[in-house]
Amino acid sequence: MAKILIGKYEATIYPEGDGYTGAISLRFGPDGRRQRLKRKAKTKTAVKDKLIKAVRALEAGITASETYTVREAVNDWLSKGLKGRSEGTVTKLRILAETHVIPELGKIKLQQLRADHVDEWLDQLAGRLATTTLREIHSVLKRAIRQAQARDMVRRNVAELVTTPKGRTGGPAKRSPGNRQRQCSKPPNRPNSTPTW
């Protein structure tokens, strides 16, 4: 069992299963038991890197567990962050979240979410959704992470570092010059008049 110092914390790294576990003793909980922060990986070096990141997050006041996902952040926002909104607005935002955000990004750990993930996700959606819808979906993610930030669950909001791409252009198809010519040559259909061809 190796003991190392990470910041002001003493950590131990020991073999467990087919890899290694690192543990840092923090403080005593309400039940009198010592609380420990643990990270696992295949190698000692990987465990040490994870412990260093965990200590940085701890010192920055981040309280989320390493397993807290984008899905959980979005669901927390849907349940707590929409107070005072109309039922129609809440329903619309929930549909956007459950249709586009959670299926694509939900499994990613919030602390591991990167701007590249958000960029790639939005670029994929841009091929099939309008720009306005893309902005609304992007806003759902930004607001969910902003709430997580306010509750010290994550250090920064990577979704705010990304620009919403342009989506598909919609609207009625333009008439071709041939169609316009045919429409111009057709006489108006006036009541009580006999068309002349």
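A salt bridge here is a side-chain nitrogen of Lys or Arg within 4 Å of a carboxyl oxygen of Asp or Glu. Lysine 42 sits in the loop between β4 (34–41) and α1 (44–59), and aspartate 18 in the loop between β2 (9–16) and β3 (19–28), so the pair ties together parts that are 24 residues apart in sequence. Helices (H or I, at least four residues) and strands (E, at least two) are DSSP runs, numbered from the N terminus.

A word on the model. It is predicted: local features need pLDDT of at least 70, side-chain atom pairs count only at pLDDT 80 or more, and totals for chains, interfaces and linings use all residues. Residues are numbered from 1 along each chain as its sequence is written, and side-chain values use heavy atoms, with hydrogens and water left out.

Back to our pair. Are its two residues buried or exposed? Lysine 42 is exposed, at 57% relative accessible area. Aspartate 18 is exposed too, at 64%. The cut-offs: buried means under 20% relative accessible area, exposed over 50%, partly exposed in between (1.4 Å probe, protein chains only).

How many salt bridges does this rule give? The count is five. Here are two more.

Arginine 146 pairs with glutamate 160 in a salt bridge, with the closest N and O atoms 2.7 Å apart. This pair links distant parts of the chain: arginine 146 is in helix α5, glutamate 160 in the loop between α5 and α6 (177–185), 14 residues apart. Arginine 146 is partly exposed, at 40% relative accessibility. Glutamate 160 is also partly exposed, at 41%.

Next, arginine 94 and glutamate 98. Their salt bridge has its closest N and O atoms 3.6 Å apart. Both residues lie in helix α3, four residues apart, which is about one turn of the helix. Arginine 94 is partly exposed, with a relative accessible area of 32%. Glutamate 98 is partly exposed at 44%.

Now to the buried side of things. Which residues of helix α2 (residues 70–80) are buried? They are Val70, Ala73, Val74, Trp77 and Leu78. They cover an arc of only 135° around the axis, which puts them on the same side of α2. That arc is taken over the directions from the helix axis to the C-beta atoms.

And what do these buried residues pack against? Their partners are α3 (87–105) and α5 (131–150), where contact means heavy atoms within 4.5 Å.
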